[in-house]
There are 2 protein chains.
Amino acid sequence: MSTDVAADGRRTFKLTLAYDGAAYQGWQRQPGRATIQERVEAAVCAVTGEQAAVHASGRTDAGVHALGQVAHVRARWRLPPETLLRALNANLPEDVAVRRAEEAPAAFHARRDARRKTYFYQVYVGPDRHPFWRRFALHLRRPPDVRAMRAAAAMLTGRRDFRSFVAHAGAREDTVRTLYFLRVLDARCGLRIFACADGFLQHMVRALAGTLLQVGAGRAPPAAVREILAARDRGAAPASLPPHGLFLWRVDY
Amino acid sequence: MSTDVAADGRRTFKLTLAYDGAAYQGWQRQPGRATIQERVEAAVCAVTGEQAAVHASGRTDAGVHALGQVAHVRARWRLPPETLLRALNANLPEDVAVRRAEEAPAAFHARRDARRKTYFYQVYVGPDRHPFWRRFALHLRRPPDVRAMRAAAAMLTGRRDFRSFVAHAGAREDTVRTLYFLRVLDARCGLRIFACADGFLQHMVRALAGTLLQVGAGRAPPAAVREILAARDRGAAPASLPPHGLFLWRVDY
């Protein structure tokens, strides 16, 4: 990757971040609230002595986790990116960490340049609750019908209008996205529902996962998702799942 | 398993418990402190209306976790054990759960009848800290030499005097135990060190794991563990590892 130093001496760094979202009101800075962005910007300020905005590939909602959120920052920093990584981690709380730091072209923009994002939603399946999953997975008592979920998932992928799966969409907002895949992985203690798209609308992954779980519970046939899509109305789809099972897994450029 | 009802109408229940130990001062009840035992006994009292002692297979220290701690309680309870399980879980905090409840013979005793216990100590290996491992694993920046650790582990198994691995042992205390196995498992993101014995002394697993990691870091050759064992002196062995990586995995009867 070629690198640039801007006329003002600033370099652009691409940061890959992991965070446990439980204690935060999401990514985006909000006055008087604990947010990931505010924590990362405070660490950048502590390390570089400058107030610099840190832009992520997208906001994650309150309570949502990340394993591979990507953000960029433009800073006057002359040492190698690895040194920046160490310095930032020394100034971040324990539940937020920079996992990778790379120098990027001056024009790199974490949000605008993102080509696709992948989230997963984690479900713990067992008759009784489990102390080690409670913060990172939805608890289902009965195993869902994974085959039915997969049949429904296949009908949701592709380039579609996902208006029925958006928390709040203005009438003129473009709610068409390309869902590259929606996969249900059977893990040892539950499920992981992976969703990969060129972009996600607010609450979209949680609404898609909630819809698949309704199908998995036998409360709707797989084909019902066609009608939900066609309705283009949030009221047509089941409720969104809670945030604590959701992980932003990776962002591709 | 045959079951008995004692003359006082009490039945004996074997409970298998999981807990996230982070918020607790260990298993054992202590006045004015949050302990697992106190929480479980409070749940038993809420459910049965009686104050009954809940005896575990052994104490776990402050901050130590459990996936399969076993305890027994004698209570006047006429419904099936599954109903007791549900009722207890409804009265336990989120970080403690009964995973299994079974009726046991009247004489069953979780500590005295335990034949062997297995713990594992979890280590996350990576150049930078990880927000999702911080509460459940020790962080090592460099991968240890697993082969050397395994060579050392082989010299520690068997019936031996583990005095060098005990936090506080009186001169007359019996510190001989049989270590059935001490295994180093290479997992995707780190290691798990499993230790199975007929009983463990205070801090013994954490001292054994700490010793293996010293060998793995090249600070001592595997054969050094023979001298440590022979010394019969806590000062001869490396420091115990912190509690948050330790899990009581299972107890066999």
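Reader: How much area is buried between domain 1 of chain A and domain 2 of chain A?
Author: This is a predicted model, in which local features need pLDDT of at least 70, side-chain atom pairs count only at pLDDT 80 or more, and totals for chains, interfaces and linings use all residues. Residues are numbered from 1 along each chain as its sequence is written, chains are lettered from A and ligands numbered from 1 in the order in which they are written, and side-chain values use heavy atoms, with hydrogens and water left out. Buried area is the accessible area (1.4 Å probe) that two parts lose on being put together, summed over both. Carbon and sulfur atoms give 56% of the area between these two domains, and the total is about 1,100 Å².

Reader: With which residue does Asp20(A) form a salt bridge, the closest N and O atoms being 3.3 Å apart?
Author: A salt bridge needs a side-chain nitrogen of Lys or Arg within 4 Å of a carboxyl oxygen of Asp or Glu. Two such bridges cross the interface of domain 1 of chain A and domain 2 of chain A. At 3.3 Å between the closest N and O atoms, Asp20(A) is bridged to Arg135(A).

Reader: Which residue of chain B forms a salt bridge with Asp20(A)?
Author: There are four salt bridges between chain A and chain B. In one of them Asp20(A) takes part, with the closest N and O atoms 3.0 Å apart, and the residue from chain B is Arg134(B).

Reader: Which three residues of chain A lose the most area to chain B?
Author: Between chain A and chain B, 28 residues of chain A are in contact with 28 residues of chain B. The area buried there is about 2,200 Å², with 49% from carbon and sulfur atoms. Together, three residues make up 32% of what the chain A side buries: Arg129(A), Phe132(A) and Arg134(A).

Reader: How far apart are the ring centres of Phe120(A) and Phe194(A)?
Author: Rings of Phe, Tyr and Trp (its six-membered ring) pair if their centres lie within 6.5 Å; planes under 30 degrees apart count as stacked, over 60 as edge-to-face and the rest as tilted. Over all chains there are 22 aromatic pairs. The pair of Phe120(A) and Phe194(A) is tilted, with 45° between the planes, and its centre-to-centre distance is 5.2 Å.

Reader: In which strand does Phe194(A) lie?
Author: Helices (H or I, at least four residues) and strands (E, at least two) are DSSP runs, numbered from the N terminus. Phe120(A) is in strand E5 (residues 116–125) of chain A, 74 residues apart from Phe194(A), which is in strand E9 (residues 190–197) of chain A.

Reader: How many residues apart in sequence are the parts tied together by Asp198(A) and Arg159(A)?
Author: The side chains of Asp198(A) and Arg159(A) meet in a salt bridge (3.8 Å, N to O). Asp198(A) lies in the loop between E9 and helix H4 (204–216) of chain A and Arg159(A) in strand E7 (residues 158–161) of chain A, so the parts that this pair ties together are apart in sequence by 39 residues.

Methods: Contact = heavy atoms within 4.5 Å.
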